[in-house]
Amino acid sequence: MAGVGKVLLMGAPGRARRAALIYFFLLAVAAGLALLLSKHFQVERLAKTAIALVLAAPAAYLSWATYRSERAEAEAGVGALAARLAGVVAAAEAGQRAQLLGPGTHRIDLAFTHRREPANNAAGAAPEGHLAGIVGYYRQLRPARLVITGQPGAGKTLLALDLLLGLLTHPGRSNTDPVPVRFSLAGWDTGRPLRDWLAEQVHDQFRDRGITAADARQLVEEHKILPVLDGLDEMDTPTTPLGQRRATRALAQLNTYQDPTGSAPVILTCRTAQYTDLAAVDLRMREAARVEIQPVTPGQATTYLTARCTNPHRWAPVLEALTTTPGCVLTDALSTPWRLNLAVTAYEERDPDTHAYLRDPGRLLVLTSPESVRDHLLALYLPAAISQHPTRPHRYRPERTHHWLAALATHLATTSRGTVSATDLVLHELWPMAGTRRVRTADVFSAALLSLTFAAVLPPLLAGPSPIPWPAVIVAGCIALWFTWQAGRSRVSAPAKPRIPRLRSRAAWQGLAASVAFGLVFTFVAQQVAELWGWPGALAIGAAVVITGRITSDWSKAVHYGFGLGLAAWTVGIFSAGGWTAIGIGLLIGILGWLMDAQLSEAPPTDPRSPVRNDLLASLVIGQGAFLMALILNAFAGLPLAQLGVLLAPGLVICTATGLYFGTGAGRRYLVFLCCSRGRLPWRLGTFLHWAYQAGLLRVSGLAYQFRHQELQDWLHTHPRP
């Protein structure tokens with residue numbers, strides 16, 4: 001169904017029966033009302049009404065088919081849903097692991113040691129373990145709750161990723177095992193229950209793969225999700241008082257996270273120092289095994305460097321120092337996988353013209369402290385990583401890249417960590433970076449300007465040669481005032497979720513047919529109601545959509561659909577000159593509704609840029625739909641072709657701009673933010689961040705970009721200039 005049909009039927013499988021019955025009830029009421037009005041007022045229109053009722057038959061059938069499909073999915077159980085999610089998670093996280101490992105995917109078999117707590121330890125934990133055997137180690141725990149600790153750069157996230165992927169591919173995995181999913185704890189507002197946050201995150205991360213909010217809630221409630229919670233140490237600053245730390249509230253909720261057998265499985269990562277501080281006052285994850293990753297040994301470091309470099313002879317002095325001088329500066333400085341990756345990236349850089357190496361690794365031997373080695377490698381890392389970009393190394397200059405990333409790092413460093421992540425770069429949440437008051441003022445000014453244009457131009461554009469009814473002017477003015485007020489709010493609406501669907505499956509064709517049928521039925525009924533009752537009838541149609549949508553969905557969607565369809569109903573009734581006009585508008589409503597609401601499995605993988613892209617796509621669909629509707633109305637109303645051609649260009653521009661601005665919340669605020677950040681950030685910020693991710697400067701966690709390592713983020717903050 002288009003619009004209201006999707007509102008009615010996109011909910012949980014358990015609510016499909018109620019949604020279908022409500023739709024049938026409304027369809028019967030609308031049919032009876034149409035026949036009654038046609039017979040009472042204009043008998044000659046009875047045949048026309050009958051045609052509309054005949055067109056309602058496909059919509060009724062398809063709504064019943066949708067209901068049966070929903071019931072079939074519900075009967076299939078949550079197991080099939082979890083199996084589908086497992087495949088998606090495995091593919092996504094395999095790519096993330098490859099990105100962290102870098103070229104060649106050389107891994108260090110990290111060793112870890114079990115740190116027994118005074119009480120509440122999980123049973124089955126061996127004293128020691130290695131990365132290669134992490135899956136077997138974890139499967140022995142009872143309950144399956146693991147805390148991974150280590151020094152900065154020790155490989156906590158990499159160990160968690162190996163465990164996650166190993167659990168998904170383990171030969172002993174069964175259909176009843178939960179799906180491990182990685183979440184960034186930095187974005188959790190601990191004022192919300194853990195289950196609610198997990199369900200929201202699952203939906204946000206995998207909605208492009210057809211995981212609805214109801215599916216996500218069901219997966220969490222039935223314990224088909226194994227939370228892999230990354231970054232407990234990133235929830236607070238070191239100066240945050242212990243009693244005010246989000247980490248303490250997070251641990252409290254984790255300790256009450258239960259399944260039918262007791263404490264539910266959880267995997268948690270945290271830096272050793274932060275977890276030790278919490279454990280010192282008896283704040284820890286209960287019924288868990290805590291392991292601590294050990295430093296990389298000199299032998300492991302030399303093996304890694306030899307495997308990663310292209311000419312081991314160049315590294316001979318460094319390799320000799322690591323093996324023959326235990327405890328030297330270089331041994332301490334290169335004792336983590338992160339630092340070893342920095343060293344290889346920096347000293348394997350070559351001149352793009354001659355391919356000669358730019359630096360001699362022997363320079364590392366003259367540095368006098370681990371801190372000087374760290375700063376030296378971080379200063380070289382950014383330009384070296386850019387020059388070794390796998391596809392487009394010269395797209396952005398190193399100086400500009402440094403400047404832009406430093407600005408983002410400074411923003412994160414100065415962001416309050418009360419409920420806001422200080423590590424996540426979410427595109428539509430970055431707008432305070434340009435100044436909260438400045439962005440909101442620019443947003444309101446732009447909204448007011450477009451609102452005046454909208455109120456002045458849209459009614460005559462819709463009316464064509466006909467007189468402009470005074471209600472049209474009032475409605476246009478109310479719309480303009482509403483969106484101007486919305487533009488000034490500090491909180492903006494969440495991004496929309498449309499995707500351009502593909503007609504590659506039976507479900508896609510069925511969805512298109514249902515949407516078109518709904519659009520045709522709606523326009524024929526709306527035409528008669530609006531002609532008989534005028535704008536009160538249109539308001540009644542909109543109110544019915546609002547009430548019905550509220551029963552099965554939420555107020556936001558219900559009001560948007562009700563307001564839009566009510567206005568469309570009135571427009572059809574007032575301005576249409578015949579049945580062909582209604583048919584054209586009905587087809588337009590159906591196709592646009594299908595584009596806006598299609599939920600198909602062919603959707604692309606999750607991308608941190610997709611929320612803003614989807615929101616802007618929705619606004620474009622709305623704007624172009626308004627333009628096409630105005631074009632149809634004016635064409636069938638008899639507007640001369642010459643005058644129609646004159647209105648074509650300005651109408652297209654006005655409707656597109658109006659849709660871009662008023663059809664979106666998060667996307668609109670993002671565009672205003674970019675305009676206010678000219679010179680400080682690139683215009684195509686999303687493209688730049690994804691390029692930096694491909695260069696190894698950033699990583700992806702859910703729908704957020706993060707700096708590759710906290711050490712890199714902190715260094716850029718303190719070194720804003722190259």
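**Figure 1. Helix 9 is mostly covered in this predicted model.** Helix 9 spans residues 246–255. Seven of its 10 residues are buried. They are Arg-246, Ala-247, Thr-248, Ala-250, Leu-251, Gln-253 and Leu-254.

**Figure 2. Helix 14 is buried along its length, residues 337–347.** Of its 11 residues, 11 are buried, so helix 14 is largely enclosed by the rest of the structure. The buried residues run from Pro-337 to Tyr-347 and include Trp-338, Arg-339 and Asn-341. Leu-340, Leu-342, Ala-343 and Val-344 are also among them, as are Thr-345 and Ala-346. The cover over helix 14 includes helix 11 (298–308) and helix 13 (329–333). Helix 15 and helix 27 (710–718) are also part of that cover.

**Figure 3. Helix 16 crosses helix 26.** Helix 16 covers residues 398–413, and helix 26 covers residues 685–694. Their axes come within 12 Å and cross at roughly 100°. Angles of 65 to 115 degrees count as roughly perpendicular, so helix 16 is roughly perpendicular to helix 26. Helix 16 brings Thr-401, Trp-404, Leu-405 and Leu-408 to the contact. Helix 26 brings Phe-688, Leu-689 and Trp-691. Six of the contact residues are nonpolar, one is polar and none is charged.

**Figure 4. The largest nonpolar core holds 134 residues.** Leu-232, Leu-268, Phe-673, Leu-685 and Phe-707 have the most contacts inside this core. Helix 15 (residues 370–387) gives the most to the core, with eight residues. Domain 2 (105–293) and domain 3 (298–388) both contribute residues, so the core lies between them. In soluble globular proteins, nonpolar side chains tend to be buried together.

**Figure 5. Phe-707 and the residues around it.** Phe-707 is one of the core residues with the most contacts inside the core. Leaving aside residues up to four places away in sequence, Phe-707 touches Leu-405, Leu-408, Ala-409, Leu-412 and Leu-425, among others. Its partners also include Leu-697, Leu-698, Arg-699, Leu-712, Gln-713 and Leu-716. Leu-405 and Leu-408 also take part in the contact of helix 16 with helix 26.

**Figure 6. The protein chain as a whole.** The chain has 27 helices and 11 strands. Of its 722 residues, 53% count as buried. Among contacts between residues at least 6 apart in sequence, 76% join residues at least 24 apart.

Technical notes
Residues numbered from 1 in each chain as written. Predicted model: local features only at pLDDT ≥ 70, side-chain atom pairs only at ≥ 80, totals over all residues. Heavy atoms only, no water. Buried < 20%, exposed > 50% of the residue type's maximum accessible area, 1.4 Å probe, protein only. Helix = DSSP H or I, 4+ residues; strand = E, 2+ residues; numbered from the N terminus. Axes fitted to C-alpha atoms, helices over the stretch in contact; angles between N-to-C directions. Parallel < 35°, antiparallel > 145°, perpendicular 65-115°, else oblique. Contact = heavy atoms within 4.5 Å. Nonpolar A, V, L, I, M, F, W, Y, C, P; charged D, E, K, R; others polar. Core = buried A, V, L, I, M, F, W, Y, C linked by side-chain atoms within 4.5 Å. Domains from an automatic or database assignment.
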